[in-house]
Amino acid sequence: MDGRHKRTTLVAVISGIVLILILVFGTIWTGRKARDDTEDAVRSVSFLFLDELAGRREQVVAGNLQEKIKVINTALDLMTENDLSDLKHLQDYQAHMKLLFTLEKFAFVDTDGLIYTSLGMQTDIDQYHFDYLKLKEKGWDISIKNLESEDKQVIIAVPVQMIFQGKELVVCFMEIKMKEMLSGVSMDAQENSSTFCNMYTSDGIALTNTVLGGLAVEDNLLLALQNAVFDPGYSHEALLQDFANGKRGEICFTYDGIKETLSYVPVTGTDWFLTYLIRESVITESISAITSGIIRRSTIQTLLTLAVLALMFIFIFRQVHRNAKLTLEKETADAENRVKQEEMERQLALQNELLVQKQ
């Protein structure tokens with residue numbers, strides 16, 4: 001019996017230890033798996049969210065550009081022969097169009113590259129990136145003036161064919177501030193925001209004067225991402241190819257210790273890219289606080305369960321030990337009683353034997 005009790009106790013202790021290990025390591029594994037699943041879910045949602053936002057904003061920008069082209073055509077339709085009668089009438093017409101359509105400049109270019117504005121003539125045609133002699137072949141052109149400065153201007157040019165004082169005017173263009181061009185696109189990020197909308201040229205120059213939501217010290221997206229660590233399946237070379245070929249896509253990377261996802265969409269009719277950046281670290285930190293709370297509560301629950309189990313095992317062990325002791329005492333008492341009984345029977349037998357002999 002004593003050996004059987006020892007084996008029972010040993011099995012109970014081993015089972016308890018195994019159960020404790022399952023609970024502890026199960027809690028740890030569940031917590032880590034929950035965190036990994038959360039990060040995967042954030043990544044998947046980020047892709048869908050960014051792709052949808054970038055696509056919608058690109059449509060707004062492309063729509064704004066097409067609307068400005070319509071503005072030029074509308075302004076040209078409003079032009080009369082009297083507006084081309086002399087320089088004063090032409091400049092009055094241009095000033096009126098600037099005021100009517102809220103433009104920085106509404107100008108014409110002749111075959112010699114001379115620019116006619118409402119304020120006078122300009123000879124700085126080299127500051128503009130459209131080819132005024134070949135624009136008719138392309139149909140229209142959208143470019144940026146002052147690309148390297150903060151005072152960026154959008155230039156939208158269309159071909160024309162008219163004679164003014166013996167000169168052939170071949171281009172009409174408008175000049176509008178980048179902020180005005182992007183009105184309604186909501187490029188500005190909110191305070192403590194985790195998403196950032198931006199515009200870049202195919203060379204990586206920021207059209208809204210921020211790179212990676214203001215996090216990068218570089219003033220060029222493609223240069224900044226040379227210092228990023230890309231997630232498996234993404235690379236800086238693939239990003240360069242997409243920008244060079246006007247292809248939409250997304251990348252996941254870590255910049256300055258912050259995990260980020262960038263979605264980019266080419267803007268129709270330009271060499272620009274509209275991008276949406278989401279800082280996954282901001283989101284995962286918020287979600288991690290939730291998962292950490294869940295893990296912490298699960299750990300407390302596990303510890304309480306272990307405490308209850310420990311008390312149960314102690315109680316069972318003491319009961320088994322007590323029962324074993326009582327059984328041993330009972331067996332000992334029974335053995336002693338048997339010995340006494342046998343001794344009494346032996347004495348009675350001797351006494352009976354002596355009585356018989358005396359008779």
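Q: Hi! Before we start, what makes two rings a pair here?
A: Rings of Phe, Tyr and Trp pair if their centres lie within 6.5 Å. One thing to keep in mind is that this is a predicted model.

Q: Got it. How many aromatic pairs does the structure hold?
A: The structure holds 10 aromatic pairs.

Q: Where in the fold are Y116 and F164?
A: Y116 is in strand β2 (residues 115-117), while F164 is in strand β5 (residues 153-164). The pair therefore ties together parts that are 48 residues apart in sequence.

Q: And are Y116 and F164 buried or exposed?
A: Both Y116 and F164 are buried.

Q: OK, how about F243 and F273, what kind of pair is that?
A: That one is stacked, because the ring centres of F243 and F273 are 4.2 Å apart and the planes are at 15 degrees. F243 belongs to helix α6 (residues 236-245) and F273 to strand β11 (residues 272-279), so this pair ties together parts 30 residues apart in sequence.

Q: Buried or exposed, those two, F243 and F273?
A: F243 is buried, and F273 is buried as well.

Q: Which residues do ring pairs link into a cluster?
A: Y93, F106 and F108 are linked into a cluster by ring pairs.

Q: Switching topic: how many cavities of 30 Å³ or more are there?
A: The count comes to one cavity of 30 Å³ or more. The largest cavity has about 30 Å³ of space in it.

Q: Which residues line the largest cavity?
A: The lining is made of F196, N198, Y200, L212, G213, L262, T275 and L277. Five of the lining residues are nonpolar, three are polar and none is charged.

Q: Which strand gives the most to that lining?
A: β7 does, with three residues. Strands β7 (195-201) and β11 each supply at least two residues of the lining.

Q: Tell me about β7, then. Why is it largely enclosed?
A: Six of the seven residues of β7 are buried, so the rest of the structure largely encloses this strand.

Q: And how do β7 and β11 run?
A: They run antiparallel, and seven bridges join β7 to β11. One of the links to look for is N198, whose bridge partner in β11 is T275. Both N198 and T275 are also in the lining of the largest cavity.

Notes:
Residues numbered from 1 in each chain as written. Predicted model: local features only at pLDDT ≥ 70, side-chain atom pairs only at ≥ 80, totals over all residues. Heavy atoms only, no water. Phe/Tyr/Trp six-rings, centres within 6.5 Å; stacked < 30°, edge-to-face > 60°. Helix = DSSP H or I, 4+ residues; strand = E, 2+ residues; numbered from the N terminus. Buried < 20%, exposed > 50% of the residue type's maximum accessible area, 1.4 Å probe, protein only. 1 Å grid on protein atoms, 1.4 Å probe; cavity = no way out; pocket = protein on both sides within 12 Å on 5 of 7 lines; lining within 4 Å. Points joined across faces, edges and corners; volume = space filled by probe spheres on them. Nonpolar A, V, L, I, M, F, W, Y, C, P; charged D, E, K, R; others polar. Pairing = 2+ DSSP bridges.
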